[in-house]
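Please open the model in your viewer and keep the selection tool at hand. The stops below say what to select and what is there.

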Amino acid sequence: MIRRFLVITFLALTALFIDAPLLNADEDRPPNVVFILVDDLGWADVGCFGSSFYETPHIDALAQSGMKLTNAYAACQVCSPTRASILTGRYPQRLGITDYINPAGGNQPENWRRRTKMLPAPYRDHLELEEVTIAERLKAAGYATFFAGKWHLGVEGFFPEDQGFDVNMGGIERGGPYGGKKYFSPYGNERLSDGPEGEHLPDRLATETVNFMTENKDKPFLAYLSFYSVHTPLIGRPDLVEKYEEIKTRSTFPAEIWGEEGQRRVRLVQEHAVYAAMVEAMDAAVGKVTSAVEELGLADDTLIVFTSDNGGLSTSEGHPTSNLPLRAGKGWIYEGGIREPTIIRVPGITEPGSESSLTVSSVDYFPTILDFTGVDEMELDPNDNPAIATQRDVDGISILPLLQDPPAERDSPIFWHYPHYGNQGGSPSAAVLHGDWKLIHFLEDNSFELYNIAADISEQSNVLESNRAKALELRGYLATWQRDVGALFPTEREEEGSDSNEDSGE
């Protein structure tokens with residue numbers, strides 16, 4: 001692209017005349033990145049992806065100005081591994097973060113107390129400082145970097161400010177807003193000062209993001225807004241809860257409908273008023289940020305990504321949403337646990353209101369951002385930038401070339417490996433998706449399921465017996481990848497432990 005050539009040329013010329021990182025260059029400065037990550041938002045939880053109950057006008061407007069990615073996936077069915085994969089472009093298994101981080105170690109095999117057939121695999125409880133994040137790469141290129149919201153990638157010493165972010169607003173070890181008054185000020189969060197009594201957390205995080213963009217509008221920036229919403233605890237703004245309760249009473253909307261997924265009940269209709277209120281408040285916060293991009297005159301120079309870290313919560317902890325037509329939800333290897341509502345707006349590439357069925361994994365965002373900004377082609381001195389010196393190979397690919405006209409499909413499979421028991425009912429499992437075909441390996445009993453996702457998005461027809469050759473092909477891809485990333489597996493146990501309550505930390 002001519003635009004990228006000009007950006008890279010500018011970067012090279014700048015390096016000839018200054019020793020410091022990149023400075024303001026007004027019209028020629030590199031483009032900005034706004035990354036919006038929602039917690040536990042299901043694939044069907046927004047209007048433009050088919051929600052039947054929740055109102056999301058601002059997210060829908062973003063889709064109208066950009067591109068919907070209908071086959072975008074999280075690298076894990078729970079949050080911490082996906083979050084680490086987004087930041088590094090590397091599969092969670094390479095990072096050693098394969099389950100949600102529990103600072104108390106309750107999910108480690110030596111502390112496991114639940115009645116399960118196997119012991120879960122051990123895993124790392126923080127993102128190693130040696131791993132290079134997208135913030136570190138962009139900061140080394142002169143970007144101002146900002147993080148707001150949920151981190152959940154380690155205790156103090158491994159917070160956003162230790163991983164390349166200049167500013168950290170609210171990113172700590174917790175997996176949810178569990179301090180103070182939860183979603184309302186006072187927050188009880190050591191990285192986020194309290195606002196006025198009753199201030200709402202999603203709006204506050206959006207306000208801080210807008211303030212950062214305004215202060216840095218004349219230089220390249222990365223604004224990473226990582227909502228705590230719509231994670232438990234299920235608490236909504238009272239006015240919005242009342243709104244959705246009234247909608248339910250004055251309409252012919254169906255009452256609760258339940259199905260079964262394994263040993264769990266699964267919600268089959270979206271009608272939870274509190275959850276709807278949480279979704280709408282998050283949507284308003286997204287609108288505050290995207291409107292600011294326009295008002296600051298930055299729309300033509302800003303990449304915007306909107307996505308989630310895992311599927312919607314449908315089988316546990318209040319069962320607040322339904323992911324239909326997808327099967328199951330958060331914590332499960334089925335589509336409801338890993339397919340995410342994703343929108344991308346790339347100036348000069350994505351057509352307004354367009355849609356793509358390109359297969360995308362959360363490991364792809366790191367190389368895509370580097371590609372868009374031109375940072376991947378910069379020659380930065382490793383002696384001046386320790387992050388560059390320790391950069392390890394990434395697993396993702398830049399999707400920008402695949403979004404061109406005509407669009408292309410990726411050649412490579414994408415993978416999952418979860419050697420744990422989810423709080424939501426999922427069991428140890430692995431999977432590979434290549435084209436329309438998805439193979440699932442359940443690790444407890446060494447069983448397999450094969451689905452043609454294009455023909456059977458709800459994963460109701462296991463076609464393994466009639467497609468043995470395809471299953472063997474996918475099994476080979478999966479086994480090779482597991483060896484390559486050093487995947488760990490659950491182990492047999494002598495006793496099945498004792499009854500205990502689920503850990504609701506994630």
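The tour goes from confidence to the cores and then to one strand.

This is a predicted model, in which local features need pLDDT of at least 70 and side-chain atom pairs count only at pLDDT 80 or more, while totals for chains, interfaces and linings use all residues. Residues are numbered from 1 along each chain as its sequence is written, and side-chain values use heavy atoms, with hydrogens and water left out.

Colour the chain by pLDDT (the predictor's confidence in each residue, from 0 to 100): the average is 91, and 89% of the residues score at least 70. Then select residues 1-26, where pLDDT stays under 50.

Next, select V34, L41, L138, M213, M282, F306 and I344, which have the most contacts (heavy atoms within 4.5 Å) inside the largest nonpolar core, a set of 100 residues. Such a core consists of buried Ala, Val, Leu, Ile, Met, Phe, Trp, Tyr and Cys residues joined through side-chain atoms within 4.5 Å, and buried means under 20% relative accessible area (1.4 Å probe, protein chains only). Centre on F306: beyond its neighbours within four places in sequence, its contacts include I36, L41, M282 and I343.

Finally, select strand β10, residues 339-345; strands are DSSP runs (E, at least two residues), numbered from the N terminus. Seven of its seven residues are buried, so β10 is largely enclosed by the rest of the structure. On one side lie R339, P341, I343 and R345, and on the other E340, T342 and I344.

How values were computed. Buried < 20%, exposed > 50% of the residue type's maximum accessible area, 1.4 Å probe, protein only. Helix = DSSP H or I, 4+ residues; strand = E, 2+ residues; numbered from the N terminus.
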